[in-house]
Amino acid sequence: MILAVLFANAEGNILIERFHGVPAEERLHWRSFLVKLGADNLRGVKNEELLVACHKSVYIVYTVLGDVSIYVVGKDAYDELALSEVIFTITSAVKDVCGKPPTERRFLDKYGRICLCLDEIVWKGYLENTEKDRIKRLIRLKPPTEF
Amino acid sequence: MAQPLVKKDDDRDDEAEYSPFMGIEKGAVLQEARVFNDPQLDARRCSQVITKLLYLLNQGETFTKTEATEVFFAVTKLFQSKDMGLRRMVYLMIKEISPSADEVIIVTSSLMKDMNSKIDMYRANAIRVLCRITDGTLLAQIERYLKQAIVDKNPIVASAALVSGIHLLQTNPEIVKRWSNEVQESVQSRAAFVQFHALGLLHQIRQNDRLAVSKLVSSLTRGAVRSPLAQCLLIRYTSQVICESGNNTQSGDRPFYDFLESCLRHKSEMVIFEAARAITELNGVTSRELNPAITVLQLFLSSSKPVLRFAAVRTLNKVAMIHPTSVTNCNIDMESLISDQNRSIATLAITTLLKTGNESSVDRLMKQITNFMSDIADEFKIVVVEAIRSLCQKFPLKYRSLMNFLSNILREEGGFEYKKAIVDSIVILIREIPDAKETGLLHLCEFIEDCEFTYLSTQILHFLGIEGPKTSDPSKYIRFIYNRVHLENATVRAGAVSTLAKFGAAVDELKPRIFVLLRRCLFDSDDEVRDRATLYLNTLGGDGSVVETDKAVKDFLFGPFDIPLVNLETGLKNYEPSEEAFDIDSVPKEVKSQPLAEKKASGKKPTGLGAPPSGPPSTADAYQRALSSIPEFANFGNLFKSSAPVELTEAETEYAVNVVKHIFDRHVVFQYNCTNTIPEQLLEHVIVIVDNSEADEFSEAFSKPLKSLPYDSPGQIFVAFEKPEGVPTLGKFSNVLKFIVREVDPTTGEAEDDGVEDEYQLEDLEIVSADYTLKVGVSNFRNAWESMGPDFERVDEYGLGPRESLAEAVNTVINLLGLQPCEGTEVVPPNSRSHTCLLSGVFIGNIKVLVRLSFGLDGPKDVAMKLTVRSEDETVSDAIHEIVASG
């Protein structure tokens, strides 16, 4: 299960957060934990360089893309490798929508599209799509080209 | 719109300033959402408003029920628009709002229409939305369409239906299970993603049907699976099948191992890794099976991708716990990971190296870790400290460099948890490695000279008070302790006074000097410190001359406090100030029965300072004292051993009874701990009738009944038997609890006058050989063995017959003898054909015994054993053989 997908800006403010199967009272804890993890480790990290951590049976893969840091949390089948696949799909889609690693402003400008991309990639805690070209078409309700 | 002009090459600060959502307010956005009701829909504007609503939701904003309903109804109007972009947003919005059950009906007809639309993308999205908001009744109506969708030729539609199936299986399993034929068909789909989702769903549908899963795995491992993700699922299901089918010992081959091994050569790293991990986790994996997996994991260790390095080192770390030697080849690659930028990787590498390293590499490793420790966070440091502690327990001879390392890191900066982990480790090493005691204590002394944590200072002072007086030169610790009286807060000062007094009581030569120091404490500003000093000065022997302190005084001051604090608290609360002083003897010593969970927690192995060795020794002391306070047992001599409580009743029965077996030289005393769990009953004249017809060498000597047993207030019954002196006599006893029951009115708590005689059958109880041996470990078995000498050595060989495994045979013999396994030899490596196990302990009569057991597999299952015993008495060596021969 992909427990959480979270986007934050450089100051640690949340831009998008999606939780799946995480009780509401634990979300605040996760949010602050992830933001702190990023603040401690993401400084000076190159775009899309993946960092990884685990806490008991929960895995966290996170990275930075332009002004935005991205965190993906998973457990069970979604271990560090599966999550790296998820985060790779997310970063490719965001880059595609924004044209390049986004500034915070650009990210917010494309907010609606990014939400649609996320809707195509993660569906209630399961990975659904991984190909950015297909996602690009799906968010416009266009059928995939390979079909 | 009047927006300030922004330069084309605007810098980042400016950009951030003009966020499109700046000053966004829920009320205003809800107002804006009225555009959804316009007769002429502006698709672009509507999309913008939906984006704002999404932004609000993603920021944790919540809508009230009315607001949500309003937005939902407004959004449904947008189905009129033919704009594709807007429609996609509408689908998302409905999912995000999750309308309540009574509102869903508004949108179902539109979604049903979309689900049958000619536009594939409408179909796919409508399925996803419907399945998100639907309940069981509606699902039955749309089931037909969903089944069709699963085999739709458009992979997006099929995928949407399959993933919906995965979610619906949680809420409506009986409906989804009917789709298995369609799902089975789509497992063969050419679209990689459809195959992945179909495989996941099919496995979930059939997961309780072992045969079906096995068939599924068999057919797919032969064919081609297109998506790497699906291949990973297949590997997981395969290892599950292997695990359930057990080993094929006939040919020595494991079913499906070849498939897993072939996945190690897959082009996707994800698949390679999954296969490698599946192999390492196989039950009883052999080194031949393990090697190819270790080789690929070793390659991953030097990958440029941090995730792969992490995954590899994490898996190797797990392997190292069971097969340390298999991982040794990776040590060089792992050493280079100590400097990895990602500290999670570095920490895993260090802890793995600490598990796989041999005695000769310890020093080199410690040097590398020293550099590493300064730049990791405390939580990682704690992991490393714990790994070093286990390493030191494994290689006791290396204690010097490991202890030095611990003392060095103790001096550096760190939080409480980290410092506590280090102190705990030093304490454990001091306890387990006698040679390390003096250096360890000095390190702790140095630490309290500059320790900011009151808790740690007081715990260390307490520990010094126990261990310090037993060293060769106790006087060298006094300076460190007395410094605390000058420099620390009141809590630590009081602790220091007690520790000083302990030295005075235990070391007679130091007493005059200690008294001088204690007298100085009489003028302390804190009353607790002054009170303690006064108490010690008055009780330890008046003038402080070199005299031996009375044992009774020592016991009173420093003996274990055997009154439960809860009872003492209640006693003190009930005490009314009067001329008569509070009498501590009036406080009951019985502990109220603990809930099961607490019992389990308290059974944990004591570690470090948090749990000083109050476990076994103090229980034995408490038993000894409790028994000697009963006049009839006073002449039984020293208590040799008390067993752990053996339950004589099932859990949650009316009366809970367990028994502790106390072994003396010529007697055995059964202590029955009874609890009455019925509030409406009071038991009186409670006795246990013990039948020893199957233990004829024992004769009943005395029985101490219990006068009354009220609800939830435990009581004890004792029955003593006489037995031949110093001989491990065995026998079986059957027990019946007899009593008089009086009904109690729960409201008033008053018991009726008349009672009825009743009895309650208890389980049987046995005296076994292990009751006559004490588990006492030795730190260096070889030294102990050599120094015991071969004078009373007895050797013999035994056939143990067919056994489940070598490990099971080893375990049985250890339990039979009741001796302490040494140097971790109780663990049998998987698949080994021979094993040597070392045991030590004390036999009844306080005779030391050492045992060397050599096991070997004779044929496929038959186990043969060579038993060599050395002891201080030949009859004991013979007795050990006797136990094995008759066991």
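Does A:Arg134 count as buried or exposed, and at what relative accessibility? In this predicted model, A:Arg134 counts as buried because its relative accessibility is 7%, below the 20% limit used for that class. Its side chain meets that of A:Glu131 in a salt bridge, with 3.9 Å from N to O, and A:Glu131 is partly exposed, having a relative accessible area of 37%.

**Chain A and chain B**

Chain A has 147 residues, of which buried residues make up 60%, and its secondary structure comes to 5 helices and 7 strands. Along the sequence these elements follow the pattern β-β-α-β-β-β-α-α-α-β-β-α. When contacts with a separation of 6 or more are considered, residues 24 or more positions apart account for 47% of those in chain A. The accessible surface of chain A comes to about 5,900 Å², and carbon and sulfur atoms hold 49% of that surface.

Chain B has 887 residues, with 49% of them buried, and its secondary structure is made up of 38 helices and 17 strands. In chain B, residues 24 or more positions apart account for 63% of the contacts with a separation of 6 or more.

**The interface**

The size of an interface is often given as the accessible area lost when the parts come together. For chain A and chain B the area buried between them is about 4,600 Å², with 62% of it on carbon and sulfur atoms. On the side of chain A, the residues that lose the most area to chain B are A:Leu81, A:Trp123 and A:Leu141, which together account for 18% of what that side buries. In terms of contacts, 46 residues of chain A meet 54 residues of chain B.

Across this interface, 16 residue pairs are found in polar contact, with both residues at pLDDT 80 or more. Several elements of chain A each supply at least two residues to the side that touches chain B, among them strand S2 (14-19), strand S4 (58-65), helix H2 (80-98), helix H4 (111-121) and helix H5 (132-138). H4(A) gives the most to that side, with 6 residues. By residue class, the side of chain A that touches chain B divides into 25 nonpolar, 5 polar and 16 charged residues.

Helix H4(A) is largely enclosed by the rest of the structure, because 10 of its 11 residues are buried. The buried residues of H4(A) include A:Tyr111, A:Ile114, A:Leu118, A:Asp119 and A:Glu120.

**Salt bridges**

Side chains of opposite charge can pair when their charged atoms come close. Over all chains, the search of the whole structure finds 46 salt bridges, and across the interface of chain A and chain B the rule finds 9. One salt bridge joins the side chains of B:Arg88 and A:Glu120, and both of these residues also belong to a network of salt bridges that links A:Asp119, A:Glu120, A:Glu128, B:Arg88, B:Lys95 and B:Arg128.

| Salt bridge | Distance, N to O |
|---|---|
| B:Arg88 and A:Glu120 | 2.8 Å |
| A:Lys136 and A:Asp96 | 3.9 Å |
| A:Glu131 and A:Arg134 | 3.9 Å |
| B:Arg493 and B:Asp524 | 2.8 Å |

The side chains of A:Lys136 and A:Asp96 meet in a salt bridge. This pair links distant parts of the chain, with A:Lys136 in helix H5 of chain A and A:Asp96 in helix H2 of chain A, 40 residues apart. A:Lys136 is partly exposed at a relative accessible area of 36%, and A:Asp96 is also partly exposed, at 27%.

In chain B, a salt bridge joins the side chains of B:Arg493 and B:Asp524. B:Arg493 lies in helix H29 (residues 490-506) and B:Asp524 in the loop between helix H30 (511-520) and helix H31 (527-539), so the pair ties together parts that are 31 residues apart in sequence. B:Arg493 counts as buried at 11% relative accessibility, and B:Asp524 counts as buried at 11% as well.

**A buried threonine in a loop of chain B**

B:Thr471 is found in the loop between helix H27 (454-467) and helix H28 (478-487) of chain B, and it counts as buried at 8% relative accessibility. A polar atom of the B:Thr471 side chain lies 2.6 Å from the backbone oxygen of B:Gly468. Leaving aside residues up to four places away in sequence, B:Thr471 touches B:Lys437, B:Glu438, B:Leu441 and B:Tyr477.

Definitions and conventions
Residues numbered from 1 in each chain as written. Chains lettered and ligands numbered in written order. Predicted model: local features only at pLDDT ≥ 70, side-chain atom pairs only at ≥ 80, totals over all residues. Heavy atoms only, no water. Contact = heavy atoms within 4.5 Å. Buried area = accessible area lost by both parts, 1.4 Å probe. Salt bridge = Lys/Arg side-chain N within 4 Å of Asp/Glu carboxyl O. Polar contact = N/O pair within 3.5 Å; in protein donor to acceptor, adjacent residues only side chain to side chain. Helix = DSSP H or I, 4+ residues; strand = E, 2+ residues; numbered from the N terminus. Nonpolar A, V, L, I, M, F, W, Y, C, P; charged D, E, K, R; others polar. Buried < 20%, exposed > 50% of the residue type's maximum accessible area, 1.4 Å probe, protein only. Areas by Shrake-Rupley, 256 points an atom, 1.4 Å probe, with all protein chains shown as cover.
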